[in-house]
Amino acid sequence: MHSLTTLLTRYAARLLHRCLPLACLAGAPALALDPNLRLANYHHTTWTAKEGAPARIGTMAQTRDGWLWLGTQSGLYRFDGITFSKFVAVDGSRLLATSISNLYAQENGDLLIGYIMGGLSVLRNDTVVHLRELGEMRASYQADIDVDGSLWVGATGGLHRYRAGAWTTFGAAQGFAGPNATNVTLDHYGRLWTNDGEHLYLFDRALQRFTRYDLPGGASAIVPSPDGRVWRGVGGEWQALPLPPKTAPVPMPAWRAPSASAGGLFDRNGNHWALRCPVGLCHTTASRLRGIDRFQAEAVATDRLDQPWQLSNLAPTSILEDQEGNIWVGTQAGLERFRHNKLITVPLPANESWFDVFTDQDGRALLHSRSRGHLFPAGAATFGKQAARVEMASGWDGGLLRADHLGVTHVLDGASTFIPYPREADGTPVGKMPTLVQGQRDELWLTFRGKGLFHFHKGKWTSAAAYGVPRGLMGLSKAPDGAVWIGFRDGSIIRFDEGKTSRFNVGDPAGFGPIIHIDASDGIVLAGEEWLAVLDQGRVRKLRSADPEALAGISGQIVGADGERWFNGRRGAVQAKAQAWKRALANPDALLEVRVFDNLDGYPGTAVALPNMSTAASSRDGRLWFVGSEGVAYLDPARIHRNTVAPAVVIAPLDVAGARRRPDGGLTLPPNTTGLRLDYTALSYAMPERLRFRYRLDGVDRDWQDAGSRRMAFYTRLDPGAYRFRVMAFNEDGVPSEREASIAFDIAPTLVQTWWFRLACGLALLLLAAAVFRWRTRMLARRYAQRYRERLAERERIARALHDSLLQNVQGLVLRLNTALLRMTKGSAAHGDIEAILDQADAVMTEAREELADLRAQPGPAAQDLGPALAAFGQALQEQCGPRFALQIVGTPRRLADVAHHELYTLGREALFNAFRHAEADRIEVELGHGGESFTLTVRDDGRGIDPAILCAGGRGGHWGLPGMRERACALGGTLEVSTPAQGGTAIVVRIPARIAYARPARPRLHQRLLGLLGRPATS
C-alpha cells in the first residue's frame, strides 16, 4: 500500500510540472491537420466477434508501454492492432471478477482495474495486486489521481480516496451528498471534479471538502479541449466550465488520456466526438466550434454515424484517443477505430465515376465527368454542368480546350478562339466529338472514331496519315523542345517534329505490349498494363521495383519542381524521390525505390488505366490530385500526416516446460530443445498492417533478418548454450522503435551434451587409442621377435649347410691338390701354379670361415647381453688378427630392447671387424655407456685413422660399411659420429635414445597388482 502511495505522489508532481504553460505548448503536435476534415476522410475500421473482438466493451485505456486495454463483461483484453488476447497473468495471479467497469492507466505504467461487482486491483508488470476486495468497495465508475498523489475512485455508494496508506469515504459530512459518484476527474488546472448524476462538485483543498458547483445536471464526462478550456457533457449538451479566477487558458497538455470517456471528447486537433447523440456517433469539426461555449452535439455535428451499417452497434459505451491520435470507440458488439488518412477524398456528383483532372491557367484543379459533363473545381461542394456533352482538356499553354459537336474552343486570359473540326471532301465535319483533345491555341491534335488522328497547325488541318503516322494511337504528349511523342497500341513510338517523324520500338521486340500512357514533360516515360519504362538512347528500358505491382497500371504522372515524381497506378499513388529516379536511370540493374499510398492511406479504389484520360495533376496550392475508380483524392506532400510515435516492441512470454515465462529475465529451456518459436509484436495502432520487423538471434544469425510483417520467428537445430533474441519494428512511416526488445535464454544440455560428458568421452577415446597403440606395438614386437628368431635359425641352418657341404668339399679339393702337389717336381711351372691355387684356396677358406662366424655368432635376444656378445666377437678377432682388444662398460647395465640389441650388435661387430682388418692398430676397445638419456656404443682404435676426404664423403666409393652403420643408427632414432682424434686412430660413436634402446620392465598383471595391494604374494 505504501509503495502505491509513493508512486501516486510522484505521478502527481510530474503532472503539475507538465501542465506549466510553456511545457504544455512545447508538447503540442508538430503537424496541424485540416480543421475542416470530415469524418468521411478518416479511415474507419471495425472489429467484431468475426475478427476476434470481444463484445460489450465498457471501458478502455492505453498504458505507458503502448498496450490498448479493453474492459468487458467477459474479462480484461489487450489489443496490439492485429490480435485480441484475453489477459492471463504469467505468475498465476487472478482478477477479482470478469466484469470490468473501469480502467485507469497510471503515469508509472500501472493499470487500475475496477469491477462491476466491486473491488479494485492494479496490474503491474503482468501481476495483479488487489487494493480493495469485492466486499470492501462496490462497483467503480472512474478513477483519477490528485495533485498530491491521492487516488480518487468514484463508485456506487460514494466517493473514495486512498492517501497515506488509508482509504477514506467522502459523504455528506465532506460536502458530497449524492449516493453514487459516477465521475471523478482532475483537470489540467489541478481542479478535482466529481458528479453524483444530479449535481457537479468541486473539491476545496483548503477545507478538504467538496462544494456543489452552480450547474445543475451533473456531468457524464469532463474533458479538456486543445485551446485550454474544460468541458462538461450531460445529456448530449456540452458546456465550457469557467476557468479558475485570474487564470488564462492553458492549452491541453500533450499527454495520453489515462482512461476512456463515457460521453465524448475533444481530440488533439480540436474536433469533437460525442457518443449517443442520441444514437451512434457525432463528429464536429474544430472550425465549426470556434467561439462557441455551449452546444448540442446533435445540432452542430458535421457528420453522424447513426445507421446500423455505419457502426458495429449504435449504442457506443466509451471513447478514447491513443498516443498516435487514433480515436477508439467501444460498443456492445465490438471495437471501432478512426485514424487520419494521408489522402483526402473530395465530394463528387452522385452516380458519376469517370473523371478527368486538369488545371486551369490559375493553377486550380478542375474535375470533368465524361459521362454527364460536370465541370467544377476539385473539392467544391456544388457541381456545375455543361449544357451539352463536351470533352475538356488542359492546353499546353495553360489554357483550356473545350470540344463540342462543332469544334474546339481555346480559352486563355479571358480570350477564346474557336477552331472548327476538319472537313471531308464534301464539306461535312469528319466527326462530331473527338476522343482525344491535345494542344494549344495555334496547334491541335484530335482523334475521331474511325477516322484517325488530325493535326491543326498554321491555320489548316492535316491528316496524320500524311505524315506517315498510322492508326492505333493510345497517348500523346508534348516535350519541352516542341516535339510531340505518340504511343501506339502495337508498342511503337513516334516522335513528330515540324512534319518529320522518327519511329522507335518498331515491332515491339521486347514484347511490352500496348502503351497505355506516355509523358514527355521530363524524359520519355511510358506505361503499359503491367510495366513502367523509359526511352533510353532510342530503346525502351523497363524499370523494376521491389514490389512489381507498384509500377503496374500507371495512368498519370506528376513531376515536381525538385524532380520528385508521382504516379497514379493500380496500387494507388506512387512516390519516387528525385535521387531514386536518377539512380534507376543511371543503373539498369538498380531497383526504383518507391513508396505506395494505397487504400489504407485513403486512396479511392484503383487507378483508371484507360487511354486519353488525365488521371493525375498538381494544383498551384501544392496539392496532388489523383483519380481512382472510387473517387478523386488529393495529397499535400508538404502536409502529409506522419506518425512520429515509435512503435514499442514486445516479445510474448515463452512456454517453458508447460509454464508461461516472461521474457524480462534469464530463462533456461529444458534439455533437448532443438526447435523454438518466438512470438513478438509491436504496439502501433495507426497502421499495424504496415509494421515491419527485423530480428536476430545472437549465436545463430550473423546479421539482422528482415521479417516483413511476420510476427514470429522459428529456429531449429539449436545447440545447448546461451542465446539472446533481439527484435526491432518500424511503423508505416519508417520510424524505428526507440529500443529493441530482447530476451536472453539458455538451452540446458542433455547428459550427452554436457562438457564433462564430452571430456569423459575424450579421455576414453584417448585411453582407447593408447590401449590400441600399446596392443599394436606389442603385437609388432612379438611379430618382429618371431621373425628375428626365424632369421637366426635360418642363418644357423645356412651356416651348418655351408660348413657341412661347401667347406668340406672345398677342404677335400685342397687335400687332393696338396696330394697332387707332393707328387710334382719342385720348381716346375705346374708346381708353382698349384701352390698359387692352394694359397688362393686358403684365402677362400679363411673368408668362408669368417662368413660362417658372422652367421653363427648372432646371439638370441635373451641369450646374452650386448657387452659379453661383443667381447666374445672381439676376442675371436684378436686371436685371428693380433691387435689387443678391451671392453669397458660405463654406468649401470640395463637390458636392451630386442631390436636395439640386434641392431647395435650388428653395428658394433661391423665396426670391430673394420678396425681389426683395416686400422693397423695396436689396441682396439669398445665402450658401452648406459646413460639415463641415451645408450652409447663407442669403438675406438689407435691405428692409422681415416682419410678426412672419406669422412667428408660419408664413406669410400663402392664400400657400404659406414653408410650401412649410419643407416642402422638412424633406424633406431639415433646418430653415428666418426672422428679421427688428434692423438691418432679412429672413434665411432653411436647414440640411441633411452626410450628406444632400453627394454621396458614387464608390468605385473592385474591380478598380481591387486594381490600386491592386499599384501599377498602373487603367483604366476
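Author: A salt bridge is a side-chain nitrogen of Lys or Arg within 4 Å of a carboxyl oxygen of Asp or Glu. This is a predicted model, in which local features need pLDDT of at least 70 and side-chain atom pairs count only at pLDDT 80 or more, while totals for chains, interfaces and linings use all residues. Residues are numbered from 1 along each chain as its sequence is written, and side-chain values use heavy atoms, with hydrogens and water left out.

Reader: What makes Arg38 and Asp303 a salt bridge?

Author: Their closest N and O atoms are 3.0 Å apart, and the limit is 4 Å, so the pair qualifies. Arg38 sits in the loop between α2 (21-26) and β1 (42-48), and Asp303 in strand β25 (residues 303-305), so the pair ties together parts 265 residues apart in sequence. Helices (H or I, at least four residues) and strands (E, at least two) are DSSP runs, numbered from the N terminus.

Reader: Why is Asp303 called buried?

Author: Buried means under 20% relative accessible area, exposed over 50%, and partly exposed in between (1.4 Å probe, protein chains only). Asp303 has 12% relative accessibility, so it counts as buried.

Reader: Which salt bridge does Arg726 form, and where do the two residues lie?

Author: Arg726 meets Glu740 at 3.2 Å, N to O. Arg726 is in strand β64 (residues 721-730) and Glu740 in the loop between β64 and β65 (741-747), so the pair ties together parts 14 residues apart in sequence. Shared partners join Arg696, Asp698, Arg726 and Glu740 into one network. Arg726, at a relative accessible area of 18%, is buried, whereas Glu740, at 30%, is partly exposed.

Reader: How many salt bridges does the structure hold?

Author: The structure holds 42 salt bridges.

Reader: How do you know that α8 is largely enclosed?

Author: Of the 21 residues of α8, 15 are buried, so the rest of the structure largely encloses this helix. Helix α8 (residues 898-918) reaches 30 Å from its first C-alpha to its last, close to the 30 Å expected at 1.5 Å a residue. The expected span is 1.5 Å times one less than the number of residues. Just after α8, Glu920 takes a positive phi of about 55°.
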